[in-house]
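Reader: Please show me the structure. Then take me through a few of the labels used for it.

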Amino acid sequence: MQAFSRIYGSGFVTGEVLVPNERMARVCDTSDEWIRERSGIEQRYFVNEGTGTSDLAVGAAKKALDDAGVKAEEIDYIVVATMTPDYYFPGVGSLVQAKLGLSNIPALDIRQQCSGFVYGLQVADALIRSGQAKKLLFIGAEIHTGFMPFSKQGWDVVMGRSDAEIPQAEKDWNSKFRHLVVLFGDAAGAVVMGPSEDPSRGLLGFALHTDGKNVEALYVPSAGFAYRPYFSDEHFKEGRGVPVMDGRTVFKMAVTKMPEAVHEVCAKAGVTVDDINLLIPHQANLRISEGVQKALKLPDSRVYNNIQRYGNTTAATIPIAYNECKASGRIKKGDLVCFVGLGAGFHWGATLMRE
Ligand code: ACO
């Protein structure tokens with residue numbers, strides 16, 4: 001199969017404040033040991049209040065443009081994958097266009113949650129292959145802190161600004177969401193893409209799927225137009241602004257569907273799983289990545305994980321990992337790289353790329 005689009009450069013930024021597990025254990029009933037053992041996470045970065053997803057997106061975009069050696073004004077299309085836009089509407093794409101001072105090029109938001117990056121790559125590839133875009137900026141950006149149910153006092157403790165004891169009633173409330181709040185972090189990763197001048201390099205194919213039957217295993221039961229008004233005081237008091245997550249269902253789907261998608265995309269491209277030089281799984285939980293690795297029978301040297309340092313940053317995890325692997329030389333020209341993810345929707349999929 002001939003490749004037509006490729007990644008020219010990448011970059012990422014995180015939230016400003018490093019939050020180790022111990023800080024999470026001060027505001028809810030959890031521990032560093034539990035978080036490490038069940039998820040592999042050691043720390044995450046959170047944004048300061050006032051930083052929006054578009055700010056992280058612009059920070060990552062500037063780094064990707066530098067890395068690609070492309071000027072911002074050369075970009076002719078923006079695609080942003082996020083489930084946490086600055087505002088309910090418009091999306092982050094228009095904010096990025098304005099903040100980068102670009103001309104009135106098209107800007108598109110997609111919302112495929114944890115599989116936002118693999119889905120967005122297909123959109124970007126199609127736009128480039130059809131000649132609609134020549135230099136496309138694709139960003140995965142996420143701020144999870146807005147979902148978190150902490151009080152102002154709780155945030156001061158989490159962000160390291162205070163060592164005050166949190167009242168037990170508040171800790172009890174926060175602990176209702178402990179399986180969720182410990183997993184996520186704030187960050188953005190970006191890539192600059194365009195046509196591949198070398199037909200042996202670039203995106204080789206996709207295997208994408210959706211199953212909407214289990215929506216309620218991972219969703220936000222508020223802030224939507226199935227409700228009137230779409231958000232209310234009652235919703236807030238009931239904690240319905242915080243996602244509902246049946247962790248075990250998500251876990252089982254991830255370790256089943258992600259390996260299936262990798263096999264499928266390899267078969268479509270006429271290669272085998274054995275040919276993959278590096279698998280970059282969406283970073284949801286280290287145990288999920290290990291399960292996927294085991295199912296695919298890949299050695300440690302051919303799977304990359306960094307969730308220990310960032311937590312789950314949804315659409316940003318894969319471009320961050322890709323950037324780190326390029327910078328450290330773990331991905332070299334000619335390597336076969338596979339990206340795979342699964343997230344709310346449920347959406348899942350894999351992409352193959354020849355670097
Ligand atoms: N600290 C301490 N104890 C906890 C915590 C915590 N943070 N969270 C849950 N527990 C407790 C539970 O209450 C339970 O206690 P019990 O036995 O007394 O009832 C016990 O730990 C075990 O709970 P489980 O939910 O069975 O734990 P599990 O090993 O499944 O780990 C986890 C939970 C980490 C959430 C895991 O299921 C997981 O990672 N699932 C996948 C989640 C995921 O990938 N989400 C990403 C998609 S997000 C997106 O698309 C936007």
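**Salt bridges and a buried strand**

Author: Arg 201 and Glu 355 form a salt bridge, with their closest N and O atoms 3.8 Å apart. The pair links distant parts of the chain, 154 residues apart. Arg 201 lies in the loop between E7 and strand E8 (202–210). Glu 355 lies in the segment after strand E13 (347–354). This is a predicted model: local features need pLDDT of at least 70, side-chain atom pairs count only at pLDDT 80 or more, and totals for chains, interfaces and linings use all residues. Residues are numbered from 1 along each chain as its sequence is written, and side-chain values use heavy atoms, with hydrogens and water left out.

Reader: Why is the contact between Arg 201 and Glu 355 called a salt bridge?

Author: The term requires a side-chain nitrogen of Lys or Arg within 4 Å of a carboxyl oxygen of Asp or Glu. The closest N and O atoms of Arg 201 and Glu 355 are 3.8 Å apart, so the pair qualifies.

Reader: What makes Arg 201 and Glu 355 count as buried?

Author: Buried means under 20% relative accessible area, exposed over 50%, partly exposed in between (1.4 Å probe, protein chains only). Arg 201 has 13% and Glu 355 has 3%, so both count as buried.

Reader: Why is Lys 135 called partly exposed?

Author: Its relative accessible area is 24%, so Lys 135 is partly exposed. Glu 74, at 32%, is partly exposed too. The side chains of Lys 135 and Glu 74 meet in a salt bridge (3.2 Å, N to O). They sit 61 residues apart: Lys 135 in the loop between helix H5 (116–129) and E6, Glu 74 in the loop between helix H3 (53–68) and E4. Helices (H or I, at least four residues) and strands (E, at least two) are DSSP runs, numbered from the N terminus.

Reader: How do you know that strand E6 is largely enclosed by the rest of the structure?

Author: Seven of the seven residues of E6 (136–142) are buried, so the strand is largely enclosed. Leu 136, Phe 138, Gly 140 and Glu 142 point one way; Leu 137, Ile 139 and Ala 141 point the other.

Reader: What makes E4 and E6 a pair?

Author: Two strands pair if DSSP finds at least two bridges between them. Five bridges join E4 (77–81) to E6, so these parallel strands pair. Val 79 has Phe 138 as its bridge partner in E6. Seven bridges join E6 to E7 (187–195), so these antiparallel strands pair as well. There, Glu 142 stands opposite Ala 187.
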